[in-house]
Every structure is written in structure tokens, then in C-alpha cells.
Amino acid sequence: VLAGPVPGWRGAAAGAAAGARTSLRERHDALPVDLDGTLAALGTATVALAGGVPPAVVDAALAGALDGAGHTPAGPPPTGVTGGRGPEPGEVARWWAGLDPDTRAVLERERPALVGGLDGLPAAVRDRANRVVLAGAREDARREEQAVRDRLVRTADPVELASIGWELHEVRARLARLGAVAAAVDAPGRALLDLEVDAPADGGSGVRAAVARGDVDAAAHVGVFTAGFTTGVDELPGRLGELDALAAAAGPGTAAVAWYGYDAPQAHEVADPDRSVLGRAPAEEGAPGLASFLDGLDAARPGREAHVTAIGHSYGSVVTAAALSSEGAPGGAEGVDDVVYLGSPGVGEVPGRPPGHAWVVEAAGDPVADTAWFGPDPNRMPGVTGLSAREVVLPDGRVLAESRGHGAYLTPGTTSAANVAAVVGGRPQDAVLDRGVGAGDRLRRLVGG
């Protein structure tokens, strides 16, 4: 009816009919948009429910999304979809696969923070979305910095000067962290797989990210590194340099990820029981997110699972072990094939993987690795294989350097880094074995530790 010829009516009735016809045509043209918005809202609600978001929250958000479906093509997503363990990555992958290309494009354009934060989506999709979020966060922080500076020059009150000065420090710290993330992804073959930026009201410095080198959706082997005490995204550029070398040593078809997706305990938080490096709280808080991220690697490539190695350094080994445990993260990270603990202060009573797939590296002179603060020292646990950190002369005459202390486990050219690369690359037979028992271990045994 709408596409046919206009009836040859005349008079006032003809004008009214023509107006009604135009209105109907406009509504007809809008129906596909309404339908896209409705389907996107329903799909997002399904993901939220699968992720454990309370039904009442989903219902309220869905009602708002459906009300606005004809005005916002993709519809606003329910709140609480991302963060923590989040929705199950396999469910996310199936939901995304069921969307048509136009709806996916709308979601990327209208909801980049949602798309970038969903484990189980393709890496290229998350990278595009998170780069949009990163650009927006940097611009917001620059505007905020200018606004704070303007306030600073307009006040003469000493108390207000101190308060505004602290605000300026915080926003500049956030800008520096966002700049470090931008520098880390500003290289060929890098992908921003996750990005979370706290609101200014939360202190302005909370930036969490995961950056990959190589194609995690196509690589046969993927290593995921989790850092520990006092770390943050500001060290991403340097860490990615180490991971570039690690992936190259592991062999062709290897990708690596620097996962800084949790708030690592900091030096000034030692006395805070909820944030102290001496307790498990930060690890237990970060473990569900790491478990979800690890499972999302395989979920994003169904039928083509990768060999995934989780690598935890220092307190990051506590986070990694918790992510592999069903106690630390509901269900645990099921997609991990090997785990490597570097300079670990203990990972609990269970290493988190079947015998033969859990590894430990303990360097000479590493005081953290000898504390056994969070359970037995992994280099003494059954089912955990020790990898050497000592100097080694290879059959071809090349010399691999010794790693000493707590921070040089992935330094290129060391035995430790070569051994980690062998595990990540699926070549454990090439690793040099050594439990790394040293003076610290013997001293602990003497005093009954």
C-alpha cells in the first residue's frame, strides 16, 4: 500500500490521507531500526543474566532499552554486564555470532566500552572498541586537567590550594597511565584487548588494561603474563618489549598478552587489610577477571583452541593460581594448558594444573620466592616442575645468562626466559630443569619453615 501510486483524491480528506500515508511510510522505514534495537537489547540482557546479574537489575535496564529502541539502534545495554567474572565467555561468543553485521557495527559504534570489555569476542573487535574508549578517556582527562589548572590559578585559599593540587596530581597520574597504554599499543601487531578506567571520583588513577602482541585469535600458542606487587599499566611498554622477545623465542605462531586487569597491591597499602600484599584479598578480587579473560581466548575461536600458558610473577602468581582454582574463581580457568610461576611467594596447597603442566622458576637471591608466605614454596611441591634460572651453556656453544634477584625472570638472553618460552611454545622437552633450591630454601628448612 505504501509503495503504490497515490490515490487521486481531492479536498481536505485527500490532504489528511496524504499526511497519514507519509507518517506510515516513515514508521515503516523505522521498523528495521526498531527491530535491531530490540534484538540487541534482548541479546545483551541474555548475556547479563548468564553472567549472574540480578534479574531485577536486568529487567529495569531492559525496560529502558526497549523504550528507547526506536531512537538508539543498538539500545543501551543492561548495567553490570562487565567487570569481575562477568558473563560466561562462551555465551558471549555465541551471542555475538548470532548478531547480524549491521547490529554488531551499531554496538561497536554506540557501546565501545561494552564491546571492548566482553571476554569471548574476537580480538580485532575488542581492539577497535577499546582504542575508541582509550581516545575518549585521554581526551576527558586532558579537559579535566585544564579545568583543574584553571581552578588552581583562581584561588588563593591555602586549604583549597592543597586540595586542588591533589586533584591535579591525580588527573596527571591518570593521564600518564593512559599514555603508557597508548604507547604500548602504538606498534605493529599490538591489540588492546581490555581497558577499564575508573571515574575521577574513584581517585583518578585506576587504569587497568590487557595488551597483546600477535594475533591471539589465530596463534597456536598464547602466553598470558600477570604482574605482581607495586605494578601498574605504566610498565606496559617495557613489559611488551620482553613479551616480544619471549614470543620470538617460543617460535612461529606464538602470541603473548600482558594482563594488567586487576589492581595490584601497592607499597603504601601494606597496612590496609583489604589491599595489603600480605593478604589474599587483591588476588581473590582479581582472579575472576583473569579466569574470564583466559577462558575468553578459546571462546573467541571455537573449534580452534590455542595452547594457553598462564604466567604469574611474584604476587601475580597468587592471582594466577586463584584464577585456575574453582575456589578463587567460579569454575576456574578451564582453557589453560600450562602454568608457570616466577619468583612465587606461594600459591596455596594445589598448583592448579595436573602434574606435568605446572612449572616454577626460582632465581638465586630472590627473597620473595623463599618466603612461602601463601603456602608451600612451589619449588618443593609435588606435581610442579622446576625450570632453571642458572647460567647454561647450550650444545651449540651459546651461553644463556643467569637470572638473579626478583625482577629479571623474563630478561631476554637468560635461561629463565628461554625456559618460559619453551613452555609457552609447546616445547617443554627443550627446557632446562632445575628446582632452584638455594640458600634461602635451606635457611627456611633450618628454622622450620
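These are my notebook entries on what I looked up in this predicted model.

**Ground rules**

I number residues from 1 along each chain as its sequence is written, and side-chain values use heavy atoms, with hydrogens and water left out. Because the model is predicted, local features need pLDDT of at least 70 and side-chain atom pairs count only at pLDDT 80 or more, while totals for chains, interfaces and linings use all residues.

**Entry 1: overall counts**

I counted 12 helices and 10 strands in the protein. Helices (H or I, at least four residues) and strands (E, at least two) are DSSP runs, numbered from the N terminus. Of the 449 residues, 49% count as buried. Buried means under 20% relative accessible area, exposed over 50%, partly exposed in between, with a 1.4 Å probe and protein chains only. I also checked contacts (heavy atoms within 4.5 Å): among those between residues at least 6 apart in sequence, 70% join residues at least 24 apart.

**Entry 2: the sheet**

What is the strand order in the open sheet of eight strands? I read it as β1-β2-β4-β3-β5-β6-β7-β8, with mixed pairing. Two strands pair if DSSP finds at least two bridges between them. β1 (190-197) and β8 (384-387) are the edge strands, each pairing on one side only. Neighbouring strands are turned by 20° against each other on average, direction ignored. For angles, axes are lines fitted to C-alpha atoms, for helices over the stretch in contact, and angles run from 0 to 180 degrees between N-to-C directions.

I then took β4 (residues 254-260) on its own. β4 pairs with β2 (residues 207-213) in the antiparallel sense over five bridges, and V257 in β4 is the bridge partner of A212. With β3, the pairing of β4 is parallel over six bridges; here T226 has W259 in β4 as its bridge partner.

**Entry 3: is β3 covered or open?**

β3 is mostly covered, with six of its six residues buried. H221, G223 and F225 sit on one side, V222, V224 and T226 on the other, and both faces are covered.

**Entry 4: helix α11**

Which strands does α11 (residues 415-424) lie across? I found β3 (221-226), β4, β5 (307-313), β6 (338-342), β7 (358-361) and β8, with the helix running at about 150° to β5. Nine of the 10 residues of α11 are buried, so the helix is largely enclosed by the rest of the structure. Among the buried ones are T415, N419, V420 and V423. G426 follows α11, and its phi is positive, near 75°.

**Entry 5: the cores**

A nonpolar core here is a set of buried Ala, Val, Leu, Ile, Met, Phe, Trp, Tyr and Cys residues joined through side-chain atoms within 4.5 Å. The largest one has 46 residues, and V181, L236, V340, L342 and V420 have the most contacts inside it. Helix α7 (residues 158-185) gives the most to this core, with nine residues. Apart from it lies another core, of 42 residues, including V222, A291, V308 and A310.

I listed the contacts of V340, skipping residues up to four places away in sequence: T309, A310, I311, G312, W359, V361, L387, V420 and V423.

**Entry 6: aromatic pairs**

How many aromatic pairs does a search of the whole structure find? Three. Rings of Phe, Tyr and Trp (its six-membered ring) pair if their centres lie within 6.5 Å; planes under 30 degrees apart count as stacked, over 60 as edge-to-face and the rest as tilted. W259 and Y262 have ring centres 6.0 Å apart and planes at 5°, so I logged the pair as stacked. W259 is buried at 2% relative accessibility, and Y262 is buried at 8%.

**Entry 7: two loop residues**

S344 is in the loop between β6 and β7 and counts as buried at 2% relative accessibility. A polar atom of the S344 side chain lies 3.0 Å from the backbone nitrogen of G346. A polar contact is a pair of N or O atoms within 3.5 Å; within protein, one must be able to donate a hydrogen and the other to accept it, and residues adjacent in sequence count only if both atoms are side-chain atoms. Beyond its neighbours within four places in sequence, S344 touches S314, S317, V368, A369 and P378.

T155 lies in the loop between α6 (123-154) and α7, buried at a relative accessible area of 15%. The T155 side chain reaches the backbone nitrogen of D157 at 3.3 Å.
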